[in-house]
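Student: I am new to this structure. Please take me through it by question and answer.

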Amino acid sequence: MIKKFIQKMLGKPSGDSVKPHFGKRVEVPVSVHSIDVALVDERALNVVLTLQDAGFEAYVVGGAVRDLLLGLRPKDFDVATDATPEQVKGLFRRAFIIGRRFRIVHVVYGRGREHEVIEVSTFRAYLDNTAAEQVSGNERTSKSELAGMKHAVDASGRVLRDNVWGPQDEDATRRDFTINAMYYDPQSQYLVDYHGGMQDAKKRILRMIGDPVARYREDPVRIIRAVRFAAKLSPLGFKFESKTGKPLATMCNLLADVPQSRLFDEMLKLLQTGHALASIDQLKQLGLHKGIYPLLDVVVERADTPFVKAALSDTDRRVGEGKPVAPSFLLACVLWADVRSGWDARLARREHASPALQDAIDEVFDARIGDVSGRGKLAADMREIWMMQPRFEKRVGSTPFSLVEQARFRAGFDFLRLRAEVSEIDVALADWWQEFSTADDASREDLVQQAKEEKAPGSNSPKSRRAPRRRKPAGTGSAGSGSMGSGPSSGGPTQGA
Ligand code: ATP
Ligand code: MG
């Protein structure tokens, strides 16, 4: 009564919302779902069993269950539990509570580049948005306003805080698509389904749980997620249920209120989970090719240019092969045209090459990347890839020897290779570097000598150069054509040298 009165005073709706249908718990046995428990990542298995041994409920959840059910290889394994983040943290040696809007625990296994993170989320309670604290949508004020709140929405119903724990059926109702809302217990091998995810998976239907319009309003990022899943699953025959697909284009304007950093992350997921080209097709088909996020607009616009297309299909191929991909590499490809034109303009004004390139890069960052905080490393990597390109032209003296030792050599070289693939530079230059990077010291000297001779007036072009004399077999690194750079650990040439 008092609450209703206060809400009335604050001009909020009465709170007499209709309680949603949480769905009936259905336990599907292995004889029906046929998931092979051996395909569950051993670290995820360890997390589930540790939680269960401590007396909690724990399941593999979401995309991994969906993918296992569909015969796809899960990208990562998420775990859902009724343990609170603090309780989860207490059970593992290296576990970190992260996120404010949505607190979860990262349980970390392994070290360095080989490390793996299992994301553990606590079952979320159903959100009665009419009862939530309502705060202004303004990002800056809401941050301080939000401190200490567990559940908050802005005036349009967008959820700003979501940290109220609840039972599993409520957690299931909070998830996005029916096929993403299934839980798998590797111990009993039961799959738990509340919203007909099993049936939708069988019928190849992408269906939002609840009322799609309300769910997109609650979290507009679900619009981008819908595109991603459509791209990923349409080759398997998946189609949107009509109520789920219809509002996508018209509701896209709600994305304007979503923090830039979240949009940036979602854009990367769209481009880096192995279905970049298909996602761009989906965006076009759904009428979402413009307006989601400025940088994504650029990607879509350039997706048919040879260089960007090569970069996108290369990313898809690498993800398909289970190889790592670096966002810095892809974005460096997407924005290379801008860097080049800014650089050319400066060179035409007779500016010095290297500072001109630096300035052109600064300009591109200002115009295209903007103020997405926490992107320092990404920007530094992009800069390094670009700055390396003119250095590849210098194949004399000590330059090649120092360049090949640079930490990001592999990424820079892969970028060069991609440029050669689309005839932006001579293939022979990329071949030379491939050879140089895998050769021993003596053969490297030969290669440098050759390059010097080619440069001399009246010499042959690099294309017609003879193959260098090999004194020792090349190193183990394979600089596969156009492969995405991710540093020397990807088996790059610097290891073989
Ligand atoms: P992928 O295979 O690309 O990782 P995923 O379905 O696992 O796909 P994640 O982003 O890893 O996607 O999210 C894990 C799960 O969390 C989802 O399957 C879904 O159940 C839930 N989820 C994630 N984001 C949202 C959201 N914005 N709204 C509702 N549920 C979400
Ligand atoms: Mg996932």
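Tutor: Just after H17, Arg-350 has a positive phi of about 65 degrees. Helices here are DSSP runs (H or I, at least four residues), numbered from the N terminus. This is a predicted model, where local features need pLDDT of at least 70, side-chain atom pairs count only at pLDDT 80 or more, and totals for chains, interfaces and linings use all residues. Residues are numbered from 1 along each chain as its sequence is written, chains are lettered from A and ligands numbered from 1 in the order in which they are written, and side-chain values use heavy atoms, with hydrogens and water left out.

Student: How many residues surround ligand 1?

Tutor: A residue counts if one of its heavy atoms lies within 4 Å. The closest include Arg-66 and Asp-219, and the total is 18.

Student: Which helix gives the most to the shell around ligand 1?

Tutor: Helices H4 (63-69), H10 (221-233) and H13 (260-272) each give two or more residues. With 5 residues, the most is given by H10.

Student: What distance separates a nitrogen atom of ligand 1 from the side chain of Arg-222?

Tutor: A polar contact is a pair of N or O atoms within 3.5 Å. For this nitrogen and an N or O atom in the Arg-222 side chain, the distance is 2.7 Å.

Definitions and conventions. Polar contact = N/O pair within 3.5 Å; in protein donor to acceptor, adjacent residues only side chain to side chain.
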